[in-house]
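Here is my note on the model you asked me to look over. Have the structure open next to you while you read.

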Amino acid sequence: MSVLPSTARRLGPLAAALLVALAACGEAPAPSRGPAVLSAPPPPEALPDCDAIATALGELIAGLAVVDPAGTRQDTADAFSLSCAWRGADDGAALGAIVIVDQQPLTEADMRRAGLYVDDPRVAALGGFIAYPEGRLDGAEILGPVGPQVIVGPVTVTLAANARGAVADVTLAQAVDGAVAIHRLMR
């Protein structure tokens, strides 16, 4: 069985969830890191709330208002998640963050086979890695609707934006920094 279809199924809902969150704003080898580091997924109540995530994101959401202070929570047999979104009232800016805890986490080996693996020292320091299209991440590129997935064990954190207004200059490097800060909230 190919890893790619399974990986695509897991990545697709993440991208879709981020797009839904932004749309709600009115805008359209054996792994050495990851799951081996953590013995069990954190419980749903261990997820930070949108206020804590906003604090972790700091300047990335300066001037933006939270869309729903409670965020959107989803719980399935395979995963649970929280997504939070912020938008600019005057400039159309929108930025979203999603935290997913997967009962069957994506691994470094899965991402390497799928051509999505990116090694990054900021994420490696947490015992994780990044998944990003084509396995290439240019930190200077502007964050769009598909952001880098920062995967540490069973927890994936991703930011996405619409590259308008206040978030027009948010880079992929800043998105990774933000995702790392959110991961640190759960430690």
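Predicted model: local features only at pLDDT ≥ 70, side-chain atom pairs only at ≥ 80, totals over all residues.

1. The protein has 187 residues, and 49% of them count as buried. Its accessible surface comes to about 8,600 Å², with 55% of that belonging to carbon and sulfur atoms.

2. Next, the layout. You'll find 5 helices and 8 strands in the protein. Reading from the N terminus, the order is α-α-β-β-β-β-α-β-α-β-β-β-α, so trace that along the chain before you zoom in.

3. Now pick out helix 2, residues 50-57. Which of its residues are buried? They are C50, I53, A54 and L57. Look down the axis of helix 2 and you'll see why they belong together: the buried residues fall within an arc of 105°, so they line one face of the helix. On the face turned away from that buried side sit the exposed residues D51 and T55.

4. What covers the buried residues of helix 2? The cover includes strand 3 (79-87), strand 4 (94-102), strand 8 (155-161) and helix 5 (172-185).

5. After the helix comes G58, whose phi is positive, near 50°.

6. On to charged side chains: the structure holds 5 salt bridges. One of them joins D110 and R113, whose closest N and O atoms are 2.9 Å apart. Both residues are in helix 3 (residues 108-114), and being 3 residues apart there, they are separated by about one helical turn. Are the two partners buried or exposed? D110 is buried, at 14% relative accessible area, whereas R113 is exposed, at 55%.

7. D120 is buried, with a relative accessible area of 8%, while R122 counts as partly exposed at 28%.

8. The salt bridge between E134 and R136 has its closest N and O atoms 2.1 Å apart. E134 is exposed, at 57% relative accessibility, and R136 is exposed as well, at 56%.

9. Last, the rings. In general, a pair of aromatic rings is described by the distance of the centres and the angle of the planes. This structure holds 1 aromatic pair. The rings of Y117 and F129 have their centres 5.7 Å apart and their planes at 35°, so the pair is tilted. Why does this pair tie together separate parts of the chain? Y117 lies in strand 5 (residues 117-118) and F129 in strand 6 (residues 129-131), so the parts it ties together are 12 residues apart in sequence. Both partners are buried: Y117 has a relative accessible area of 11%, and F129 has one of 0%.

Technical notes:
Residues numbered from 1 in each chain as written. Heavy atoms only, no water. Helix = DSSP H or I, 4+ residues; strand = E, 2+ residues; numbered from the N terminus. Buried < 20%, exposed > 50% of the residue type's maximum accessible area, 1.4 Å probe, protein only. Areas by Shrake-Rupley, 256 points an atom, 1.4 Å probe, with all protein chains shown as cover. Arc of directions from axis to C-beta. Contact = heavy atoms within 4.5 Å. Salt bridge = Lys/Arg side-chain N within 4 Å of Asp/Glu carboxyl O. Phe/Tyr/Trp six-rings, centres within 6.5 Å; stacked < 30°, edge-to-face > 60°.
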